[in-house]
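Student: I would like to learn how to read aromatic pairs and helix packing in a model. Please take me through one.

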Amino acid sequence: MQGFLKDFGRCSLAGLKRAFDFNGTASKREFWFFLLFFFVAYAVVWVVDDVFLTNTVNLKELPFGELLPGGYVDPEVGIAVLLFRPIMAIPTLSATVRRLHDVGRSGWWSCLWVLPVPVLGWFWLIPWLLQPSQPSQSP
């Protein structure tokens, strides 16, 4: 368990430190631990937002709000949830781009997180993100 927590902390911190680094690669372990960090942090923010803060907006009333998965769980959110996702968008995107580079794909495929329709592109993207690392192509 201690090794898991150590790797989790190391990979989460690496993902945050490399938030604006869209070059290079991210191992499968680094990417998935960072994504786990994202979901755990999002859950904590959501609970704090729901329990301690006033609801600010109904997600389903936003443009394309019916496409937001969180709107089906708890459509009424406050400022903490509204700020968390945009703040974490760039680190999550850069980790995805680096992971795609690691499996020999273009980072542009990371657009499948949201295009053409959120969730639909995930069925194509996630199997790539689960692949083992490819050997380096450079001499």
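Student: Is Phe39 buried, partly exposed or exposed?

Tutor: Buried means under 20% relative accessible area, exposed means over 50%, and partly exposed is in between (1.4 Å probe, protein chains only). Phe39 has 49% relative accessibility, so Phe39 counts as partly exposed. Phe38 is buried, with a relative accessible area of 4%. Before going on, note that this is a predicted model, where local features need pLDDT of at least 70, side-chain atom pairs count only at pLDDT 80 or more, and totals for chains, interfaces and linings use all residues. Residues are numbered from 1 along each chain as its sequence is written, and side-chain values use heavy atoms, with hydrogens and water left out.

Student: How many aromatic pairs are there?

Tutor: A pair of aromatic rings is described by the distance of the centres and the angle of the planes. Rings of Phe, Tyr and Trp (its six-membered ring) pair if their centres lie within 6.5 Å; planes under 30 degrees apart are stacked, over 60 edge-to-face, and the rest tilted. The count by this rule is 14 aromatic pairs. In one of them, Phe8 and Phe33 have ring centres 6.2 Å apart and planes at 75°, so the pair is edge-to-face. Phe8 belongs to helix 1 (residues 2-17) and Phe33 to helix 2, so this pair ties together parts 25 residues apart in sequence. Helices here are DSSP runs (H or I, at least four residues), numbered from the N terminus. Phe8 is buried at 19% relative accessibility, and Phe33 is buried at 8%.

Student: What about the rings of Phe38 and Phe39?

Tutor: Their centres are 5.3 Å apart and their planes at 70°, so that pair is also edge-to-face. Ring pairs link Phe38 and Phe39 with Tyr42, Trp46 and Phe84 into a cluster.

Student: At what angle do helix 1 and helix 2 pack?

Tutor: Two packed helices are described by the angle between their axes and the distance between the axes. Axes are lines fitted to C-alpha atoms over the stretch in contact, and angles run from 0 to 180 degrees between N-to-C directions. Helix 1 and helix 2 pack at about 85°, with axes 8 Å apart. That makes helix 1 roughly perpendicular to helix 2 (65 to 115 degrees).

Student: Which residues meet there?

Tutor: Contact means heavy atoms within 4.5 Å. Among those in helix 1 are Phe4, Phe8 and Leu16, and helix 2 contributes residues including Arg29, Phe33 and Phe37.

Key:
Helices (H or I, at least four residues) and strands (E, at least two) are DSSP runs, numbered from the N terminus. Angles under 35 degrees count as roughly parallel, over 145 as roughly antiparallel, 65 to 115 as roughly perpendicular and the rest as oblique.
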